[in-house]
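Welcome! Take a moment to turn the model around on your screen, and then let us walk through a few of its parts together.

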Amino acid sequence: MKFSINKITTNYTDTLAQYILDLKYDQLPAEVVDRAKKIALHAIAAALAANGVPMSGRAIELGRQFNGGEQGTATAWISGTRLSMANAAFVNGAITDMLDWEDCSWTGHPSAGVIPSAWACCEGQKKSGKDFITAVVAGYEVYQRIAMAIQNPKGQAAGNGWGLTSWQIFAALVPAIKLFDLDLERANQALGFGTAASTICGCLHHTTMSDAYHYLHGFRARDGIELALTAKSGVENYQDCFDDPKAYAVHMTPDHRPEWYTKELGERYLILDTLLKHWPANMWNQTAVELAYVMTEKYGISPEDIDEIILDPPTQLRMAIRPEGYTSLTQAQFSIPFCIAAMLYDRTPGAQWYSAENMKDPKVLALAQRVKSGPSEQHTLGGSFIIWQNGSYPMKTMTIKTKNGKVYEEQMDTHPGHPQQMMSWEELGSRFRIQSASVLTPAQQDAAISAIEKLEDCGDLSTICHLFARQ
């Protein structure tokens, strides 16, 4: 039975909850199913690639400690450690984000919540590949709309910061609601638990450039499962979180856009607007790194040939150069100059870009200092999101000047993995082999790619989980 001391005049929460419960695999267009599977392969690949950084080992050990030992029904990728569904989601959520190589939507990195949560819930309950795909689509469609409702038009929450770790909880919670088979009342309440566990726009990880940012994705993935289970166990009242005027949005932003909660729900699939990163770097670094790669390959330019690289327009908060070196993964991942230099000295992307040695390598740092901002007004982050939401992507011009006086110039906006230039299964498979090489054998890689590509044929997800951990 519903109860609130405040007047409820809308039904957004019930509408979202009903959508989650009613969504069926057979309703999904073929391109939506295909995109969900590609996102899953891409996210797992990003997680496996993190094997090369010490933080991934710490995350796996934390999952074991949270679990009180190695026991459970779900698997931590990389290690194969058996944990509870929630603790496996923590590990897999953290390592999925660790190299900043997973997807990006208009509001963040839903795959670091959706994929670990849906995977752990399916594995732990022996649900099918179709169940997984359906839960993934539900996760993207509901998460994205909630995030857009509480993100203001400038791409921020509360008008003063990036609130990804606030709304990220819904990326993990929605698949769990779907896969735990909650009824409408408890699904509504589970969304309420999500608002209670939605942090108020905490951005310390951004101001400090701390790798705690990656752990936060793990915490949200774990929380989503635990909150859904809590709602399933039963609680009184606690409904209509997106309708009650004092419950949630008022605390998050002065620019609440409630129409987004149900905007084109069931008609337009926002999962198709998801970007898959081609490089292990922040999303706003992708075009610059891709341009540098394409141009130096095309013209046979070596790092030693380069006098100057000019990016125009530059990108707000992404041109930072630290001549003394970078002290965290996040610092380096957010620096266009560093990422270009790391790529030019090592064209095979991976965790080695972010080793402590490479982040302080004098030759890499010297090349990074030769990456300069062009004269145009910078692209702001909020403005770039608006360009993307309007169907395009920020256009960049790169000029490479060589020491022998030659000048090369090219432009690019959408890069491989952008919704307008989505990678094929062959391209994703090629990247997967690079990303998983330190964990999986070639035979495992082939089996893993095939398993995801044919996921709808899998009757029990627990039978293929061994494919994503070292043997």
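In which loop does Leu 317 lie? Leu 317 sits in the loop between E5 and H14. Keep in mind as we go that this is a predicted model. Leu 317 has a positive phi of about 65°, although it is not a glycine. To see why that deserves a look, here is some background: most residues other than glycine have a negative phi, and most peptide bonds are trans. Leu 317 is also exposed, with a relative accessible area of 62%; that value counts as exposed because the cut-off is over 50%.

The loop between strand E5 (306-312) and H14 also holds Pro 313. The peptide bond that leads from Asp 312 to Pro 313 is cis, with omega near -10°.

Asn 237 is not a glycine, yet its phi is positive, about 55°. With 33% relative accessibility, Asn 237 counts as partly exposed.

Helix H3 covers residues 54-67, which makes 14 residues, and spans 20 Å from its first C-alpha to its last, close to the 20 Å expected at 1.5 Å a residue. Its buried residues are Met 55, Ser 56, Ala 59, Ile 60, Gly 63 and Asn 67. Seen down the axis of H3, these buried residues fall within an arc of 145°, so they line one face of the helix. What do the buried residues of H3 pack against? Their partners are strand E2 (82-83), H4, helix H11 (212-233) and helix H14 (329-333). Just after H3 comes Gly 68, with a positive phi of about 75°.

Helix H4 (residues 85-98) leads us to helix H5 (residues 111-125): the two pack at an angle of about 150°, with their axes 8 Å apart. Their crossing is right-handed. On the H4 side, the residues that meet H5 include Met 85, Ala 89 and Asn 92, and among those they meet in H5 are Ser 111, Ala 112 and Pro 116. The residues of this contact between H4 and H5 divide into six nonpolar, seven polar and one charged.

Helix H19 (residues 442-453) has twelve residues and reaches 17 Å from first C-alpha to last, close to the 16 Å expected at 1.5 Å a residue. Gln 444, Gln 445, Ala 448, Ile 449, Ala 451 and Ile 452 are buried in H19. They cover an arc of only 160° around the axis, which puts them on the same side of H19. The face turned away from that buried side carries the exposed residues Pro 442 and Ala 443. The buried residues of H19 pack against helix H2 (30-49), H5 and helix H18 (425-435).

Last, look for Ile 20 in helix H1 (residues 12-22). Is Ile 20 buried or exposed? Ile 20 is buried, with a relative accessible area of 0%. Leaving out residues up to four places away in sequence, Ile 20 touches Val 142, Val 174, Ile 177 and Lys 178. Ala 366, in helix H16 (residues 362-368), is instead partly exposed, at 31% relative accessibility. Ala 366 and Ile 321 are 45 residues apart in sequence, and their C-alpha atoms are 9.9 Å apart in space.

Methods:
Residues numbered from 1 in each chain as written. Predicted model: local features only at pLDDT ≥ 70, side-chain atom pairs only at ≥ 80, totals over all residues. Heavy atoms only, no water. Axes fitted to C-alpha atoms, helices over the stretch in contact; angles between N-to-C directions. Helix = DSSP H or I, 4+ residues; strand = E, 2+ residues; numbered from the N terminus. Left-handed = near helix turned anticlockwise from the far one by under 90°. Contact = heavy atoms within 4.5 Å. Nonpolar A, V, L, I, M, F, W, Y, C, P; charged D, E, K, R; others polar. Expected span 1.5 Å × (residues − 1). Buried < 20%, exposed > 50% of the residue type's maximum accessible area, 1.4 Å probe, protein only. Arc of directions from axis to C-beta.
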